[in-house]
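Have the structure open while you read.

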Amino acid sequence: MYTPTQDDIKLLTQSTRDVYCYLDILNKNFKKIGYLDGQVISDSYSFNAGSDVRKTVSLSIHVSDSSLLIGRDKKVWYDKYIDVSMGIRNIRTKEIVRYPIGTFLFYDINYSYSASDRTLNLSLVDRVAELNGDKSGILSGMETRIPAGSDMRSSLVNAASQLGKIAKYRIDDPEQEIPYDLEFGQGSTVWDIIKTIRDLYPGWEAFFDGDT
């Protein structure tokens, strides 16, 4: 959680604002393998706290580096992540101050080419899409059962790490137990499990903030 400082407020209320979009390409281990910087034609960002997938980004990018074309052997492909941040130039110091937006998945990619234009159009979604079936997360094999009396936090950790393969997470401890047996059949998703446990008691949320 970031608390804006007085310097941030001054920056956002400048008479003139130059805004930049920075896009770092990450591999499956969240290591930076490339970037798209200064090539953004248009972009839009949406945050909806009422949706499971809270953050989405749409981008149109001019591509000049062939390694940034679409393909399994290219930097831009469906198994990669994009770390998005925005920058604002301080008109007094000329420094660009960057603010992180989040870590996203490629949801839809298309590429148009002409002699005068190479445009990469990207739709990005936050990492809930790895758990809710949009990209992955659908349960297969035997039924998943969480018996009554199970520790709520341990059940959430197991769903995220064992079933969802999420290595980095922050899950608070509600100090509650699962009140009755929960059963999830084939075709359910990891996110179905997380939502069901989350909604057993009021006042809890489940979402991705960056890569966590």
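## The largest pocket

The largest pocket holds about 1400 Å³ of space. A pocket here is an open set of points on a 1 Å grid over the protein atoms alone, where a 1.4 Å probe fits and protein lies on both sides within 12 Å along at least five of seven lines. Its volume is the space filled by probe spheres set on the points, with grid points joined across faces, edges and corners. This is a predicted model, in which local features need pLDDT of at least 70 and side-chain atom pairs count only at pLDDT 80 or more, while totals for chains, interfaces and linings use all residues. Residues are numbered from 1 along each chain as its sequence is written, and side-chain values use heavy atoms, with hydrogens and water left out.

The lining (residues with an atom within 4 Å of a point) runs to 40 residues, and Phe 207, Phe 208, Asp 209, Gly 210 and Thr 212 sit nearest the centre. Elements giving two or more residues to it are helices H1 (6-12), H2 (152-163) and H3 (190-198), plus strands S3 (40-47), S5 (81-89) and S6 (96-113). S6 gives the most, with five residues. By class, you get 26 nonpolar, three polar and 11 charged residues. Nonpolar covers Ala, Val, Leu, Ile, Met, Phe, Trp, Tyr, Cys and Pro, charged covers Asp, Glu, Lys and Arg, and the others, Gly among them, are polar.

## The second pocket

The second largest pocket has a volume of about 260 Å³. Its lining has 16 residues, with Arg 127, Glu 130, Gly 164, Lys 165 and Ala 167 nearest the centre. Seven of the lining residues are nonpolar, four polar and five charged.

Lys 165 also turns up for its backbone: its phi is near 60°, a positive value in a residue other than glycine. Lys 165 lies in the loop between H2 and S9 and is exposed, at 66% relative accessibility (exposed means over 50%, buried under 20% and partly exposed in between, with a 1.4 Å probe and protein chains only).

Overall, the protein has three helices and nine strands, taken as DSSP runs (H or I of at least four residues for helices, E of at least two for strands) and numbered from the N terminus. From that end, the order is α-β-β-β-β-β-β-β-β-α-β-α. Buried residues account for 39% of the 212 residues.

Beyond its neighbours within four places in sequence, Ile 194 is in contact (heavy atoms within 4.5 Å) with Leu 131, Leu 156, Ala 159 and Ala 206.

Gln 14 belongs to the loop between H1 and strand S1 (19-26), and is buried at 14% relative accessible area. Neighbours within four places aside, Gln 14 is in contact with Ile 88, Arg 89, Asn 90 and Ile 91.

Phe 30 sits in the loop between S1 and strand S2 (32-37). Its phi is near 65°, a positive value in a residue other than glycine, and Phe 30 is partly exposed at 28% relative accessibility.
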